[in-house]
Amino acid sequence: MPATTPPDPTAAPARGGGSTLVGIGLMCLAVMSFAVTDATAKWLGGHTNILIVVWSRYVIHFALSLIVFNPWTVPGLLKTRKPGLQLLRSALLFSTTALNFFALQYLQLDQTVSIMFSAPFFVALFAGPLLGEWIGVKRWAAILVGFAGILLVTQPGQGIHWAALFCLGAAITFALYGITTRMLAPHDPSPTTLFYSALVGTVAATLPLPFVWVTPTEPMVYAAMLELGAVAGAGHFLLILAHARAPAATLAPFIYIQILAMVALGWLLFGDVPSLWTLAGACIVVGSGIYLLVQERNERRRPAPMPPAMPPDLP
């Protein structure tokens with residue numbers, strides 16, 4: 001899935017050009033970690049039930065994250081001002097993972113990542129009614145162009161697997177996950193939000209496990225399950241470190257390195273060569289996404305309008 005985890009508000013601010021370069025390097029490592037996560041999930045999907053794959057991704061990530069974030073090392077970790085929103089956000093992230101892993105069984109890595117990068121367009125669509133951040137004509141045009149790119153990748157009616165619908169659903173839930181994360185940011189610290197994400201995902205993935213569990217017989221399957229959770233957890237931790245050293249607007253364009261990494265892994269591991277339609281659609285999606293990022297950055301740089309002067313007779 002695309003690496004759009006918001007910055008950690010508890011992290012230290014960036015400190016100069018050298019720190020920014022370190023942040024960019026960490027961001028690149030993070031998105032490559034997510035590419036490896038998806039490639040591992042695709043391989044595991046051919047060797048065991050996909051619900052077991054989702055479970056291993058969450059339970060191992062949760063176990064490892066407890067070393068850093070737990071109620072003893074982070075006092076007050078479990079306290080949340082918005083428990084309902086925390087549960088909703090965590091459920092959306094779990095749904096994104098499950099839908100994406102299911103789609104990976106049938107689609108090439110380059111196809112899934114291209115469709116998943118439509119998430120920023122859904123964020124722009126949902127931000128109006130949910131956050132009151134309405135978009136203008138230029139952004140609407142960028143969204144429409146981006147969806148045209150998604151149509152090039154999926155080619156409706158031309159034989160692409162129906163699992164592309166699950167991938168599109170994952171993009172929608174991921175967009176809603178990003179919006180709920182922004183809604184939570186003023187209320188709960190990032191360690192609390194990260195902890196609940198891993199906890200709720202682990203519980204949700206464990207519930208169906210007794211009905212689908214089949215003990216793997218290949219040692220490589222166990223190794224891949226461990227690697228899946230460890231690399232996914234490392235990727236999220238690298239994101240936090242990156243945002244502690246560089247502004248989010250500086251890091252955002254580097255998420256598109258994930259597309260290159262997914263194409264490379266698909267070719268190296270599965271022999272998948274992206275079609276010209278997929279490459280063209282991915283370029284359109286990336287171009288539209290970068291345009292939206294530039295527009296958002298420009299709006300943030302505009303000075304806020306001065307409030308009207310208060311009448312002298314008012315306190």
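Predicted model: local features only at pLDDT ≥ 70, side-chain atom pairs only at ≥ 80, totals over all residues.
Residues are numbered from 1 along each chain as its sequence is written, and side-chain values use heavy atoms, with hydrogens and water left out.

**Exercise 1. The whole chain**

Work out how many helices and strands the chain has, and how much of the chain is buried.

Step 1. Let us begin with the elements: there are 13 helices and 0 strands. Helices (H or I, at least four residues) and strands (E, at least two) are DSSP runs, numbered from the N terminus.

Step 2. Next comes burial: 47% of the 315 residues are buried. Buried means under 20% relative accessible area, exposed over 50%, and partly exposed in between (1.4 Å probe, protein chains only).

Step 3. The accessible surface is about 15300 Å², and carbon and sulfur atoms account for 72% of that. Such areas come from the Shrake-Rupley method with a 1.4 Å probe, and for residues only the protein chains shown count as cover.

Step 4. Finally, take the contacts between residues at least 6 apart in sequence: 91% of them join residues at least 24 apart. Contact means heavy atoms within 4.5 Å.

**Exercise 2. α3 against α7**

Find the angle between α3 and α7, and name their relative direction.

Step 1. Two packed helices are described by the angle between their axes and the distance between the axes. Axes are lines fitted to C-alpha atoms, for helices over the stretch in contact, and angles run from 0 to 180 degrees between N-to-C directions.

Step 2. For α3 (residues 83–104) and α7, the angle is about 155° and the axes are 8 Å apart.

Step 3. Angles under 35 degrees count as roughly parallel, over 145 as roughly antiparallel, 65 to 115 as roughly perpendicular and the rest as oblique. The pair α3 and α7 is therefore roughly antiparallel.

Step 4. Their crossing is left-handed. That word applies if the near helix is turned anticlockwise from the far one by less than a right angle, and right-handed applies if clockwise.

Step 5. Now look at who takes part: the α3 side includes Leu-85, Arg-89 and Ala-103, while the α7 side includes Phe-166, Thr-173 and Leu-184. By class, this contact has 15 nonpolar, 8 polar and 1 charged residues. Ala, Val, Leu, Ile, Met, Phe, Trp, Tyr, Cys and Pro count as nonpolar, Asp, Glu, Lys and Arg as charged, and the others, Gly among them, as polar.

**Exercise 3. α5 against α7**

Describe how α5 packs on α7, and which classes of residue meet there.

Step 1. Helix α5 (residues 119–131) and helix α7 (residues 164–184) pack at about 45°, with axes 9 Å apart. The two are therefore oblique to each other.

Step 2. α5 passes α7 in a right-handed crossing.

Step 3. Among the α5 residues in the contact are Phe-122, Phe-126 and Leu-130, and among those of α7 are Leu-168, Ile-172 and Arg-182. The contact divides into 15 nonpolar, no polar and 1 charged residues.

**Exercise 4. A buried aspartate**

Place Asp-272 in the chain and find its contacts.

Step 1. Asp-272 belongs to the loop between α12 (257–270) and α13 (276–301). With a relative accessible area of 14%, Asp-272 is buried.

Step 2. Leu-109 is 163 residues from Asp-272 in sequence and 8.1 Å away in space, C-alpha to C-alpha.

Step 3. Leaving aside neighbours within four places in sequence, Asp-272 is in contact with Lys-42, Gln-108, Gly-266 and Trp-267.
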